[in-house]
Amino acid sequence: MNILIIAAHPRIEQSRVNQRWLSELREYPDRITVHELYKTYPDFAIDAKNEQELIARHDRIVLQFPIQWYSVPALLKQWLDDVFTTSWLFGTGGKAVGGKELVVAMSIGGDESSYQSGGMIGYTISELVRPIQVFANQIGMVFLPHYKLYGAIKAADVQIDNSAVRYVEHITSPDLNPITVRQRMLAEMTKASPNP
Ligand SMILES: Cc1cc2nc3c(=O)[nH]c(=O)nc-3n(C[C@H](O)[C@H](O)[C@H](O)COP(=O)(O)O)c2cc1C
């Protein structure tokens, strides 16, 4: 499985979490390609064709970012708008991204307890990433469970280190895709009782 990380941090030089995550990801160059948007496009002039070709070469796409005002950083939104054009998605040949997997990986300043109904923020992260989920659904990608680190601002170095290791485990697991897990469960059930 080829994994592409689309990393979008507006101030990566000041980052603790995203920077540590990127250094961990770079330990696996055979499986994981890291693509930093703010380094590649400091002027926001995105080369859509280049990005589309990069996506085409990968099976699982990970959008990695610090949550900012309950959303994605500006360049990541620009990237979504510029790269996923109707002509590319549905034009000649069509199905540019059909069946590819999409994962969101976020560092979150607030505590986990804030992100629940009745909590300080009042919404869960699953609710806040819904726009990306519906985007994936509409273009035929498979939206997978996200990865996150709450309390990112106050996190101790050891917590960030542990989160980096768990992050790689999360995004490289074939079982992240519930379709794969369900197929295996069905195969095992069929084997156990061949005559239903
Ligand atoms: C402009 C801005 C907006 C932010 N908005 C949020 C937010 O909506 N919710 C939240 O929990 N944290 C928010 N934060 C905190 C960041 O998510 C946090 O600093 C970041 O995830 C830490 O990761 P890093 O060490 O890689 O920078 C915001 C930070 C900035 C600079």
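## One face of helix 3

Let's start with helix 3, which covers residues 48-56. Helices (H or I, at least four residues) and strands (E, at least two) are DSSP runs, numbered from the N terminus. The buried residues of this helix are Glu51, Gln52, Leu54 and Ile55. "Buried" means under 20% relative accessible area, "exposed" means over 50%, and "partly exposed" lies in between (1.4 Å probe, protein chains only).

Where do the buried residues of helix 3 sit when seen down its axis? They fall within an arc of 160 degrees, so they line one face of the helix; the arc is that of the directions from the helix axis to the C-beta atoms. These buried residues pack against strand 1, strand 2, helix 2, strand 3, helix 4 and helix 5.

## How to read this model

The model is predicted: local features need pLDDT of at least 70, and side-chain atom pairs count only at pLDDT 80 or more, while totals for chains, interfaces and linings use all residues. Residues are numbered from 1 along each chain as its sequence is written, and side-chain values use heavy atoms, with hydrogens and water left out.

## Two nonpolar cores

A nonpolar core is a set of buried Ala, Val, Leu, Ile, Met, Phe, Trp, Tyr and Cys residues joined through side-chain atoms within 4.5 Å. The largest one has 37 residues, and Ile55, Leu63, Leu76, Trp79, Phe84 and Val97 touch the most other members. Among the elements that give two or more residues to this core are strand 1 (3-7), helix 3, strand 3 (60-66) and helix 7 (130-138). Which helix gives the most? That is helix 4, with five residues.

Leaving out residues up to four places away in sequence, Val97 touches Ile55, Phe84, Trp88, Leu89, Ile139, Gly140 and Met141, where contact means heavy atoms within 4.5 Å.

## Salt bridges

Side chains of opposite charge can pair when their charged atoms come close. A salt bridge is counted when a side-chain nitrogen of Lys or Arg is within 4 Å of a carboxyl oxygen of Asp or Glu; by this rule there are 10 salt bridges. One of them joins Glu36 and Arg26 at 2.8 Å, N to O. This pair links distant parts of the chain, 10 residues apart: Glu36 is in strand 2 (residues 32-36), and Arg26 is in the loop between helix 1 (17-25) and strand 2. Is each partner buried or partly exposed? Glu36 is buried, at 11% relative accessible area, whereas Arg26 is partly exposed, at 45%.

Lys77 and Asp81 form another salt bridge (2.9 Å, N to O). They are four residues apart in helix 4 (residues 74-83), so about one helical turn separates them. Lys77 is partly exposed at 43% relative accessibility, and Asp81 is partly exposed at 45%. Asp175 and Arg184 also meet in a salt bridge, at 3.1 Å, N to O. Elsewhere, salt bridges that share partners join Arg20, Glu24 and Asp161 into one network.

## A buried arginine

Finally, find Arg60 in strand 3. Arg60 counts as buried, with 0% relative accessibility. What joins the side chains of Arg60 and Glu101? A polar contact of 2.6 Å joins them. A polar contact is a pair of N or O atoms within 3.5 Å; within protein, one must be able to donate a hydrogen and the other to accept it, and residues adjacent in sequence count only if both atoms are side-chain atoms.
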